[in-house]
Amino acid sequence: MNIDLETGLLDGARQCPSPNHDERPQGCIPELIVLHNISLPPYEFGGPWIDHLFTNQLDPTAHPFFAEICHLRVASHLLVRRNGELVQYVPFHKRAFHAGVSNYQGRSQCNDFSIGIEIEGSDFEPFTAAQYAQLEMLLPVLVDAYPGLSLEHITGHEHIAPGRKTDPGRFLTGGA
């Protein structure tokens with residue numbers, strides 16, 4: 001597993017480019033990894049829906065919940081599917097729209113200085129062995145590629161947006 005530092009792309013990941021990103025602010029580098037969970041529709045796994053959401057192609061008539069979220073312009077850098085497949089939506093050197101209103105150790109706007117990783121799942125059930133194994137391989141690769149990152153600065157969405165977000169939940173970060 002390697003990252004091309006010029007393109008910001010991870011080999012071995014399926015590339016599904018999202019328009020939901022822009023340039024990081026001048027002088028801003030990745031210094032934080034934010035873990036999330038996602039399932040679409042809620043508590044259902046598989047299917048094309050996450051790709052569709054992150055590429056602004058979610059059909060609001062395909063499921064009642066989709067009408068509530070199809071207007072969102074969001075994407076993480078990576079998704080880890082239940083089977084361990086990696087999907088990359090945004091190059092790592094770009095600012096992905098994943099954290100929203102957020103604060104980490106007194107710094108707001110976490111999108112500016114973070115890499116967002118979605119794990120297909122929910123707050124209420126364990127992730128799969130394949131997902132945990134993929135994260136164990138992936139995290140050191142990110143830290144090696146981007147010197148501003150460290151294994152000490154990995155957090156859950158719930159910890160940078162308390163009261164607003166609950167993911168990835170207790171099966172990954174020890175949160176409630």
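**Burial, cores and salt bridges in a predicted model**

A75 sits in the loop between helix 2 (66-69) and strand 6. The model discussed here is predicted.

Me: Why is A75 called buried?
Reply: Buried means under 20% relative accessible area. A75 has a relative accessibility of 2%, and therefore counts as buried.

Me: What is A75 in contact with, leaving aside its neighbours within four places in sequence?
Reply: A75 is in contact with S18, N20, F54, Y89, V90, A96, F97 and H98.

Me: What makes the approach of Q134 to G84 a polar contact?
Reply: A polar atom of the Q134 side chain lies 2.6 Å from the backbone oxygen of G84, and the limit for such a pair is within 3.5 Å. Beyond four places in sequence, Q134 is also in contact with M1, V80 and L86.

Me: Which residues have the most contacts inside the largest nonpolar core?
Reply: They are I3, L10, F92, I117 and L142, in a core of 22 residues. Helix 3 gives the most to this core, with seven residues. L142 touches I3, I33, F92, I115, I117 and L149, not counting residues up to four places away in sequence. A second, separate core of 15 residues includes L40, L53, L79 and Y89.

Me: Why is the pair of E85 and R14 called a salt bridge?
Reply: The N to O distance between the side chains of E85 and R14 is 2.8 Å. The limit is within 4 Å, so the pair qualifies. E85 lies in the loop between strand 6 and strand 7 (86-88) and R14 in strand 3 (residues 14-15), so the pair ties together parts 71 residues apart in sequence. R14, D51 and E85 are linked in a network of salt bridges.

Me: Which residues form salt bridges with R95?
Reply: D22 forms one, with the closest N and O atoms 2.6 Å apart. D112 meets R95 in another, at 2.5 Å from N to O.

Definitions and conventions. Residues numbered from 1 in each chain as written. Predicted model: local features only at pLDDT ≥ 70, side-chain atom pairs only at ≥ 80, totals over all residues. Heavy atoms only, no water. Polar contact = N/O pair within 3.5 Å; in protein donor to acceptor, adjacent residues only side chain to side chain. Contact = heavy atoms within 4.5 Å. Core = buried A, V, L, I, M, F, W, Y, C linked by side-chain atoms within 4.5 Å. Buried < 20%, exposed > 50% of the residue type's maximum accessible area, 1.4 Å probe, protein only. Helix = DSSP H or I, 4+ residues; strand = E, 2+ residues; numbered from the N terminus.
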